[in-house]
Protein chains: 2
Amino acid sequence: MIKKKLFTPGPCEIPPSVFKAMSTIEHHRTSQFKKNILEIQKGLQYLFQTGQPVLTLSSSGTGAMEAAITNTFSPQDLVLVIDGGKFGERWGEISRCFGLEVITLQIPWGKAVEPSQIENIFEKHPTIKGVLIQACETSTGVAHPIEEIARFIKEKPNTLMVVDAISALLTMPLPMDEWGLDIVVAGSQKGLMLPPGLSFIALSQKASRFEAQSKLPRFYFDLKKEKQSLEESTTSYTTPVTLMLGLKEALRLICQKGLETIFETYNLYSRVVRTTIEAWGLKVFAEPGAPGMTAVCAPRNVSGTHIVKKLKENFDITIAAGQEDYKDKIFRLSYMGYIEPEDVFYLLESLQKVLLELKVPIHTKGVLEKAKSQLKL
Amino acid sequence: MIKKKLFTPGPCEIPPSVFKAMSTIEHHRTSQFKKNILEIQKGLQYLFQTGQPVLTLSSSGTGAMEAAITNTFSPQDLVLVIDGGKFGERWGEISRCFGLEVITLQIPWGKAVEPSQIENIFEKHPTIKGVLIQACETSTGVAHPIEEIARFIKEKPNTLMVVDAISALLTMPLPMDEWGLDIVVAGSQKGLMLPPGLSFIALSQKASRFEAQSKLPRFYFDLKKEKQSLEESTTSYTTPVTLMLGLKEALRLICQKGLETIFETYNLYSRVVRTTIEAWGLKVFAEPGAPGMTAVCAPRNVSGTHIVKKLKENFDITIAAGQEDYKDKIFRLSYMGYIEPEDVFYLLESLQKVLLELKVPIHTKGVLEKAKSQLKL
C-alpha cells in the first residue's frame with residue numbers, strides 16, 4: 001500500500017488510472033474526441049446536478065470566476081461580495097477590476113456568513129444584481145450556508161446567486177438546479193482528482209438572461225461562444241487534451257462510486273479529523289467546517305508553517321499553511337481527491353508524531369486508536 | 001520502432017520522458033516547485049532568445065493573444081492586423097472585442113504579406129500603435145517576413161510589433177531581442193512537444209512602457225501581476241502542475257539538442273516534404289512555407305478532407321484538413337514536436353499509398369527513394 005503524500009486543498013492525489021489515461025495524446029477536432037466531449041459533458045452535468053451545459057475552460061479556477069462576472073454583469077452593476085477569506089476577497093477584486101460597484105460583506109476569517117446579514121443588506125440595497133460567494137472558502141475551510149442564501153435569492157428575478165464551488169464540488173451536496181444556483185464555478189485539481197489546468201462553469205437560465213444583457217468585453221472566456229462549440233461537441237479553442245482524457249476517466253470513477261457515497265466518505269474523513277484534533281486538545285479553526293478540508297488553529301508558541309515544514313521533512317507529507325494574516329496562525333489539512341481511509345490515518349499518525357516532537361502538550365491516549373476504528377481500519 | 005501517428009499542427013507527438021515527467025503530482029507553492037519555475041524560466045528565455053521574463057499562463061494560445069492586447073493597448077487605439085488566415089483574423093476579432101480601432105490588411109490565404117504593404121499603410125496612418133501578425137499562419141502554413149517588418153517597426157517608438165509565434169516557436173529562428181520583437185506569444189502543444197494547456201508571453205521594454213499606459217481591464221491575464229509572481233518564482237494562480245513538470249523535461253531535451261540543430265531538422269523535414277509533394281506533381285499551397293508544416297493543395301477532384309479521412313482509416317495517421325473556405329481545398333502536414341526522420345518517411349509513404357488508392361495521377365518513380373535518402377535513412 002503506497003501512502004499518499006499530498007494533503008493540500010488542491011492539487012490533490014490522482015488515481016493511477018487517471019494518470020494512465022493522461023499518458024497519450026490525440027487531436028482535439030476528430031470525431032473520436034467529440035465522443036469524449038459528449039461523455040465528459042454527461043459526467044459534468046451529473047456532478048453539477050444540472051440540466052444546463054457545463055462548460056470546460058482551459059484555465060485555473062480564477063479564470064472561470066472572471067468568466068462568471070464578465071459574461072453576466074455590466075459596468076456599474078451592484079454586486080454583494082461575501083468576503084470571509086482570500087477567495088471571497090478575489091470575487092471583490094475581479095468585480096472592481098471590471099468596473100462593477102461592490103458592497104463587501106466582511107466576515108471574520110474562520111466564520112460563515114449568516115443569511116440574515118445578506119437579507120439586511122438587500123433591504124437597504126434592493127438593486128443588487130449578484131451575490132458572489134464561496135461554497136467552501138479554501139483559505140479558512142469554512143462552508144457558507146449556500147442552500148439557505150440561494151432560497152432567498154431565488155425569489156429575486158434580478159439577482160444572481162454566483163457560487164465558487166472550486167474546493168466544494170464533490171465534497172458536499174450542491175445540487176445546482178434544485179437549489180437554484182445561478183452560476184457554479186469549479187476547478188479540476190480538487191474533488192475531481194485531476195491536475196490543475198481545467199475549470200468549469202455552468203449558468204442557469206436566469207444567468208443566461210443576464211448573459212444576453214451583459215456589456216463587458218470578453219473573448220477567450222466568451223461563454224456564449226463556448227456553449228455553441230459544446231453544441232457541436234467541441235471547444236472554441238484548443239482544449240488541454242491530456243487533462244480532458246484524464247477527466248473522462250476521473251468522471252467514470254466518480255460516477256461508478258456515486259455522489260452519495262462520495263459525500264459520505266468526505267463526511268467520515270472530516271468527522272474523524274475534527275474529532276482527533278479536538279481529542280488532542282487543539283482547536284478547529286472553521287465554524288462550520290467544509291467536509292473536504294479542516295483548518296486547525298496552530299498550538300500556542302508553535303507556528304503553522306513550522307508544522308507544515310516538519311511534516312514535509314519527517315514524512316514527505318505536504319499540507320498547506322494559512323494564507324495572508326493567517327499564514328502562521330492556522331494549518332490546513334485536506335483529504336480531497338484520491339485519498340483512502342489508510343491515508344487519512346497516516347496523516348493523523350504523522351501529525352501526532354510531529355506535534356509530540358515539537359513538544360505541543362496534547363492528549364494522545366486512545367486518540368489514534370479511536371480514529372482508526374472510526375475509519376474502520 | 002513505434003511509428004508516430006499525429007502529424008497535425010498541434011497537438012503534436014510527445015517524448016516518452018515528457019510523459020513520464022507528467023506522471024506525478026506535487027504542490028505548486030513549495031520551495032521545490034519554485035526551483036522548477038526558476039529552471040523553466042531559464043529554458044523559456046533561451047527559446048525566446050530574450051533577457052525579458054517569459055510568462056507562463058494556464059490557457060490556450062488564444063488566451064495569451066488576448067493578454068497581449070489587453071495588457072498593452074487602450075480603447076480606440078489603432079492597430080494594424082495582418083490577416084492572411086484564421087489566426088490573423090483572430091487578432092482582428094480580439095482587438096475589436098476590446099474596443100480597438102482595426103485596420104485589416106487582407107492577404108490572400110497561402111500568401112505572405114509584403115513589408116512594403118505595411119510601410120504604405122503607415123504613410124497614411126502614422127499613429128498605428130501595434131502591428132499584429134503571425135510568424136507562421138497555422139491555417140495556411142505561410143511564414144510572414146517577421147525580421148524585415150520588425151526592422152521597420154523598431155524605429156517607431158509608438159508602435160509595437162506583436163508576433164503570434166504559437167506554431168512557429170522552435171521551428172524557425174525568432175530571436176526576440178535581436179530582431180526587436182515587442183510581444184511574442186507561444187503555446188505548449190507545438191514545437192515544445194507538450195500537451196495543450198500552457199501559453200507563453202514575453203514583453204520587450206517598449207511593450208512594458210505601453211503596459212504602464214494601457215487602460216483595458218484584465219484580471220486573470222494581468223501580466224504585471226504575473227511578472228511580480230515570477231520574481232518570487234511562482235505564478236499568480238494555480239499553475240497546471242503536471243504540464244509544468246513536462247515543460248521542465250521538454251526544455252531539458254530542447255536545450256540538450258540546441259536551437260540550431262532543431263531549426264536544421266525542421267528545415268530538412270520541410271524540404272523533403274515539399275520536394276516529395278512537388279515530385280508527385282502536387283502543389284504546395286503556402287508561399288513561402290513555414291518550416292514546421294506544409295499545406296498542400298488538394299488534387300483535382302479529390303477533397304482535402306477525404307485524404308485526411310483515408311490516412312486515418314488506413315494508417316491511423318492524423319493530419320489536418322484546411323480551415324473555413326479551405327476545408328476541402330488543402331490538407332496540412334505537420335512534423336512539429338517529437339518527430340524523427342523515420343516518422344516523416346512513414347507519413348510520406350502512407351500518403352503516397354492513399355493518393356494511389358484514390359487514383360490521383362502522381363509520379364512515383366524514385367520519389368520515395370529520394371525522400372529516404374534525403375532523410376538519411
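Helices (H or I, at least four residues) and strands (E, at least two) are DSSP runs, numbered from the N terminus. By that count chain A has 14 helices and 12 strands. This is a predicted model, in which local features need pLDDT of at least 70, side-chain atom pairs count only at pLDDT 80 or more, and totals for chains, interfaces and linings use all residues. Residues are numbered from 1 along each chain as its sequence is written, and chains are lettered from A and ligands numbered from 1 in the order in which they are written.

**Chain A overall**
- The C-alpha atoms of chain A fill a box of roughly 60 × 55 × 30 Å along the principal axes.
- Of the 377 residues of chain A, 53% count as buried (20 or more other C-beta atoms within 10 Å of the residue's own, C-beta atoms being placed from the backbone).

**A sheet in chain B**
- Three strands of chain B form an open antiparallel sheet in the order β10-β12-β11, where strands pair if DSSP finds at least two bridges between them.
- The edge strands, β10 (293-297) and β11 (320-321) of chain B, each pair on one side only.
- β11(B) pairs with β12(B) (residues 330-334) over two bridges, and Ala321(B) stands opposite Phe331(B) in β12(B).

Conventions:
A residue is buried if 20 or more other C-beta atoms lie within 10 Å of its own, exposed if 12 or fewer, and partly exposed in between; C-beta atoms are placed from the backbone.
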